[in-house]
Amino acid sequence: MSCWETFQTLDVQQKNTILLELQQTYGGSFEFDASIYLMQWLDQQPWGETYNDNLEGENIIKAKQLMDDTIAQLYEHKKKLDSLASISVNDFHNVLLAKKVQEVIEQIEAKYGNDPVKLFDFFHGVVSKLRELVISATTIPLEKLSTIDSEDMDMEESAPPDPHAGLRQELESLAKESQKNDGLLKEIEQLKEQYVIKFQEVSVRIAQIDAQKNQINSSTQMIEKEKKQRMEKLKQESDRLQQELSKMGEELSINKRLGFIESVCHHIKKLSEVERSIFEELAEWRHLQQRSLCGFPCPQALDKLQEICEVLAELLWELYKQASQLDNLFHQAFQGNEIELKRMENVKISAKNMMQWFLSKTFIVERQPPQVLKKETKFGVVIRHLIGDKLNVLVHPPEVSCSLLSEKQAQAFYTGKSPKSVSANTNPVLNHKKTLEFNQVTRKLIAEFKNLSLTKATRQGGKNKEVVTEEKSALVFTTQITLGKEQFNIWVMSVPVVVTVHGNQQCDAEATIFWENAFSEKERKLFDVPDQIEWPRLADALNKRWVLSNGRELTPDCVAYLGTKLFPGKMEGGLDNAMVTRQMLNRDHMNGRSFSFWKWYYGALDVVYRRLVDEWRDGHVAGFVSKQEAHARLRGCNPGTFILRFSDSELGGVSVAYVSMIETGQCEVFDVEPWTNAHLQMRKFSDRLKDLRELVYLYPNIDKDAAFSQYYTNDENVSAEGRTGYQPAVLALRLVGNPGGRSPMHQGSQDGSMETPSTSSFPVTGFPDMSYGGGLYPGSPASPASPQSVASTVLDTDLGLANQEIVGDFGQLASELALSNVFLSGLHQGINPGPASYLSAMAAAMGDDCFADLLLSDDVNAAQPQ
């Protein structure tokens, strides 16, 4: 089996994947267009015999021959397209394709006529890439091969069932019905032509009979008996002719016409059932698409459904043409007969309405916009129509226009109470027009908006009516499809969006979108969502939203802990029937806090997504765990064991609880001040863990370096000498003093259930005059005593500061200055040892005696905490 034959056996998704990769590699050129037209033929060429990296002599002749054969094949392909186009006057698609092939031939001859080798290289590359991709798609990995049972090797048994098999069979039956109706219509048309001819003949003969009657009546040579006999004979002939004409007319207008109308109505009924099934599937797809935006499973691709839609589109258009043709055949004949005219008009209107609904419902937003749209920020959307290249829509390529509507405007638009277009002067969307284009590789009819942007945020709610981050809007996309002489105006609306003007609105806007996506029903009033929901449903949605951003699910314990934040004091089992309102989610403050549940949850989600997503996905972060629970787990563990959890008091804070041995020889649990996005931007999360020598084992007993070394920054790659001649420095973190000192991280806070709000904390700068052998940092378990550790002892002993995160080198004070004799001696000269003596010593060491005297004055020392 050739490569191309194998490719044809692949499913639609595999084919699309291969063709997309080919297009990304070679697309956008006329050479690739030629490859697509002739792929089967190119696959059969003897590339192995002909291709050579050093094409010379005979090989060049072979390349020239293959190029000539390629052009001949393209001409043959064009000939077939011309033949297909000649069958139907309206087959514009094949006309355009034939013209495109002719252009490709001319471009190949112009560019490669004297240099066939380059074209040869291109074709060889495309075919080689195709073979590589097909082999990859059909090869079973060795690790999976052993798990495949022999019965699974049977492709017929293992192939998934076609979900549209019933629809395909129904469409095949309807296609036969359509052909039958088409035959009936042609029969009616022929019968009408015969009737017209008969009518003319009868009219002429009746005129002759009337003339003969006049002659007989005026004749004086015939006796009355003879006149009477001849008049009777003419009357009988006239009656016979009129009866024959009437019988033919009755057969045409009643039997054939009404029979056709009955058949068409039956056909409409069956088509409407298929149409309804497709609409239900598309409604479900849209609903799943919206839910997938907050982490629920994504819907299936629409490629197979498009195949159904393409067939149905042609059947519906054929139905409309048949109904229109019937009306044209009899409209003049039934002038004055309102009942029959109405009957035919109803059939035509029904067919047109079905076409209108079909074109509207199969017009979709394949890739939704970001649901939090910031003003003057670029974003993209992909619009798709499921009719593909059918119905010659590309003869008049539809132009899609995008507009932004407020909730009130969108509801009026949806119900038809406002015009289906927005003035360009009032439309706040830039670059809002795009043409639907058909991609021959993916077989998608799409309009891809890449550079949409909002110039303003239109507020419709009025002051104090609604929080701006709870005000929903929507993008609406409108276009007009021309089929024959008919024009169909269609539109599609995006999922709800929230427009913001500042980054600090993101969190609240995300809360609105989360509730909208997770809990909106499939059949609902536009923008309508329930005001309250059961806790188990909310818990599942929060978990899905977390996975969407950060990959790994929350554990059941984490989810249960989230529940305690919304319902403090309730046990886990008592939350099954608990109801959560939107007010509780993002307006009410959590118990004892100054922020809402959503802000706390979203802060943790955001810091993980931005700063420690890899550590989270690998299971190294415990996550939503209370301080008491973290301490309980750590009791009895070895010194240096630590747990990573999300802070209860600091939005977006990650806290470290660790075990340390105090002066009495006992082990106690301590908490490091939470790290937020701002801190982790200065020094990354795992590097901070590496820096702290107090942290040795990740709970329960995993070596810290074994867990996190893959995330460490390799600071040894820093050049020994910067580009400007300066010696580079790195940041490093450490805790000040011994565990158990006066510190906001100490376990003995007034409220064990609440963490002390953090103060600003910064990573430590490295020491530029020291070399850390083996990649060790100050404070890591295996590093020797450093100048910084000596300085920490001074701070603990003389200043009473312990266990606090500090700026290395004491702010802007260099390490060599901090350890100089001038500094150490000046530190003990103070009247009252403490922070003031530290500051004065620093000033003295820097040579500022006036500043030192000022710092040692009684006024300054009286104001210092003791």
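This is a predicted model: local features need pLDDT of at least 70, side-chain atom pairs count only at pLDDT 80 or more; totals for chains, interfaces and linings use all residues.

Biologist: Noted. At what angle do the axes of H3 and H8 cross?

Modeller: The axes of H3 and helix H8 (residues 116–138) cross at roughly 55° and come within 10 Å. H3 and H8 are therefore oblique to each other. The crossing in which H3 passes H8 is right-handed.

Biologist: Which residues in H3 and H8 meet?

Modeller: From H3, Glu31, Phe32, Ala34 and Ser35 meet Leu119, Phe122, Phe123 and Val126 of H8.

Biologist: Let us stay with Ser35. Is Ser35 buried or exposed?

Modeller: Ser35 counts as buried because its relative accessibility is 0%, and the cut-off for buried is under 20%. Ser35 belongs to helix H3 (residues 30–37).

Biologist: And what is Ser35 in contact with, leaving aside its neighbours within four places in sequence?

Modeller: With those neighbours left aside, Ser35 is in contact with Leu42, Phe122, Phe123 and Val126.

Biologist: Another helix pair, then. How do H11 and H13 cross?

Modeller: The axes of helix H11 (residues 165–218) and H13 cross at roughly 20° and come within 10 Å. That makes H11 roughly parallel to H13. H11 passes H13 in a left-handed crossing.

Biologist: What does H13 contribute to the largest nonpolar core?

Modeller: The largest nonpolar core has 72 residues. Helix H13 (residues 303–330) supplies the largest share of this core, 14 residues. The residues with the most contacts inside the core are Ile278, Met355, Phe358, Leu359, Leu475, Phe477 and Leu483.

Biologist: Take Ile278 from that list. What does Ile278 touch?

Modeller: Not counting residues up to four places away in sequence, Ile278 touches Leu167, Leu305, Ile308, Cys309 and Leu312. There is also a second, separate core of 64 residues, which includes Val559, Tyr602, Phe624 and Leu680.

Biologist: Changing topic to sheets: what is the order of the open sheet of 4 strands?

Modeller: The order is E6-E4-E9-E10, and the pairing is antiparallel. Strand E6 (433–435) and strand E10 (486–493) are the edge strands, each pairing on one side only. From one strand to the next, the twist averages 25°.

Biologist: How many bridges join E9 to E10?

Modeller: Strand E9 (residues 473–483) is joined to E10 by 8 bridges, and the two run antiparallel. Thr478, for example, has Trp491 in E10 as its bridge partner.

Biologist: Which helix lies across E9 and E10?

Modeller: Helix H14 (residues 338–361) does, running at about 35° to E10. Helix H15 (residues 407–414) packs on the sheet as well, touching strand E4 (399–406), E9 and E10, and its direction makes about 125° with that of E4.

Biologist: Now E3. Why is E3 described as largely enclosed?

Modeller: Because 7 of the 7 residues of strand E3 (residues 379–385) are buried, E3 is largely enclosed by the rest of the structure. Both faces of E3 are covered, with Phe379, Val381, Ile383 and His385 buried on one side and Gly380, Val382 and Arg384 buried on the other.

Biologist: And how is E3 joined to E1 and to E8?

Modeller: Strand E1 (residues 363–367) and E3 run antiparallel and are joined by 4 bridges; Phe363 has His385 in E3 as its bridge partner. E3 also pairs with strand E8 (residues 444–454) in the antiparallel sense over 6 bridges, and there Arg384 has Ile446 as its partner in E8.

Biologist: Finally, backbone details. Which peptide bond is cis?

Modeller: The bond from Tyr699 to Pro700 is cis, with omega near 5°. Pro700 is in the loop between strand E17 (697–698) and strand E18 (702–703).

Biologist: What is phi of Leu391?

Modeller: Phi of Leu391 is near 65°, a positive value in a residue other than glycine. Leu391 lies in the loop between E3 and E4 and, at 15% relative accessibility, counts as buried.

Notes. Residues are numbered from 1 along each chain as its sequence is written. Side-chain values use heavy atoms; hydrogens and water are left out. Two strands pair if DSSP finds at least two bridges between them. Axes are lines fitted to C-alpha atoms, for helices over the stretch in contact, and angles run from 0 to 180 degrees between N-to-C directions. Contact means heavy atoms within 4.5 Å. A nonpolar core is a set of buried Ala, Val, Leu, Ile, Met, Phe, Trp, Tyr and Cys residues joined through side-chain atoms within 4.5 Å. Buried means under 20% relative accessible area, exposed over 50%, partly exposed in between (1.4 Å probe, protein chains only). Angles under 35 degrees count as roughly parallel, over 145 as roughly antiparallel, 65 to 115 as roughly perpendicular and the rest as oblique. A crossing is left-handed if the near helix is turned anticlockwise from the far one by less than a right angle, and right-handed if clockwise.
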